[in-house]
Amino acid sequence: MARMIVTPWEVRGEIDYERLIREFGTQRITPELLERIKKHTGELHFLLRRGIFFSHRDLDWILDEYEKGNRFYLYTGRGPSENVHIGHLVPWILTKWLQDKFDVKLYFQMTDDEKFLFKKNLTLEETNRLAYENALDVIALGFDHRKTFIFSDIDYAKTLYREAIKVAKRLTLSTAKAVFGFKNSNNVGEIFFTSMQAVPAFLESVKQGRNVPCLIPYGIDQDAHFRVARDILPKLGFYKPAAIHSKFFPGLLKGGKMSASDPRSAIFTTDSPEEIRKKVANAFTGGRDTIEEQRKLGGRPEICSVFKYYEFFFEPDDERLKEISSSCKKGERTCGECKQILTEKIVKFVEEHQKKREKARKVLDKFILRD
Ligand code: TRP
């Protein structure tokens with residue numbers, strides 16, 4: 001089995017989430033903690049119920065403060081190196097749900113600087129353009145412009161830079177090397193960058209002139225950034241940011257997560273119905289070689305990328321998800337029909353998303369923070 005690698009820039013191998021909890025030093029989201037959330041939200045999002053958000057830091061503290069009347073704010077972000085795919089939407093969907101349920105502000109960072117620094121073939125013009133294109137996907141999910149503040153690192157640099165250098169001053173090269181695995185061949189912009197990603201974790205405190213708790217939903221691959229931030233922010237007089245971590249949305253091909261670098265592995269929000277049909281048709285499943293074997297032995301939803309699509313996104317109803325799984329295991333549901341049903345669900349979702357995305361162009365300015 002390929003060795004597991006999980007860094008902000010690379011996710012590879014068979015992912016062992018329990019091991020990530022141990023190695024990164026995070027906490028498991030327990031049933032007790034879920035009950036505590038439910039007390040405030042009335043229900044639990046399926047991403048929480050199904051353990052797709054599986055780990056956290058200081059989420060209990062966020063709830064303690066909230067119960068005392070000390071409201072938190074949310075922070076998340078996106079590295080705009082490509083169009084957005086369905087896997088990217090997963091943490092944003094939970095973020096939106098949290099914003100609605102707790103009625104809180106959200107800062108959404110577009111790290112066009114990061115993608116320029118880390119991607120050989122991307123120009124700054126291109127990552128900056130993608131920042132605003134990707135922002136349309138965020139807005140299309142229905143965020144409230146009165147509570148949602150999206151910014152490009154480049155275009156909001158005047159505000160961000162003066163805070164980022166305070167972080168940078170506390171971060172030595174040897175720590176950056178140890179945490180991120182940087183080598184002497186990394187450019188100095190890459191080494192500095194984590195200071196920019198730390199800023200929105202205390203920006204609201206700077207703006208309000210008092211400490212405000214911050215909760216950051218993110219894919220667990222981003223954790224290294226926030227380990228650094230949690231170490232440094234208290235030294236600057238701010239709270240440590242709390243976090244809630246999601247698993248990776250598996251790709252359509254065998255093994256690995258959805259990846260923008262292999263377009264066949266993911267459904268993009270900009271894909272046409274034909275592209276979607278083709279990608280799902282070619283997806284890796286847990287099905288058997290022949291229909292006869294399938295009927296006799298049943299399929300294997302636990303290894304099936306198509307089933308993951310239902311679980312992570314397209315079947316919010318737990319009962320129906322269970323039915324899909326059990327009829328697959330009994331050999332009643334064939335991969336062909338399962339793919340067919342999924343394709344229609346994805347096509348419908350993407351078509352609607354694309355309409356909302358175009359509408360978002362008209363209101364984009366309402367969301368964007370500028371200096
Ligand atoms: N670095 C992230 C990426 O490449 C983008 C990002 C910036 C982010 N700030 C964040 C992601 C906060 C999650 C939470 O996608």
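Mentor: Domain bounds come from an automatic or database domain assignment. By that assignment, the chain is divided into domain 1 (5–248) and domain 2 (263–357). The model is predicted, so local features need pLDDT of at least 70 and side-chain atom pairs count only at pLDDT 80 or more, while totals for chains, interfaces and linings use all residues. Residues are numbered from 1 along each chain as its sequence is written, and side-chain values use heavy atoms, with hydrogens and water left out.

Trainee: What makes residues of domain 1 and domain 2 part of the contact?

Mentor: Contact means heavy atoms within 4.5 Å. The centres of the two domains, taken over C-alpha atoms, are 29 Å apart. The contact takes 20 residues from domain 1 and 21 residues from domain 2.

Trainee: How much area do domain 1 and domain 2 bury between them?

Mentor: Buried area is the accessible area (1.4 Å probe) that two parts lose on being put together, summed over both. Here that comes to about 1,700 Å², with 62% of it on carbon and sulfur atoms. Arg50, Ile86 and Ala140 supply 36% of the area that domain 1 buries against domain 2, more than any other three residues.

Trainee: Why is the pair Glu133 and Arg357 called a salt bridge?

Mentor: The term requires a side-chain nitrogen of Lys or Arg within 4 Å of a carboxyl oxygen of Asp or Glu. In Glu133 and Arg357 the closest N and O atoms are 3.1 Å apart, so the pair meets the definition. Between domain 1 and domain 2 the count is 4 salt bridges, and the structure holds 34 salt bridges.

Trainee: How far apart in helix H1 are Arg19 and Glu23?

Mentor: Helices (H or I, at least four residues) are DSSP runs, numbered from the N terminus. Arg19 and Glu23 are 4 residues apart in helix H1 (residues 17–24), and therefore separated by about one helical turn. They form a salt bridge, with the closest N and O atoms 2.8 Å apart.

Methods. Helices (H or I, at least four residues) and strands (E, at least two) are DSSP runs, numbered from the N terminus.
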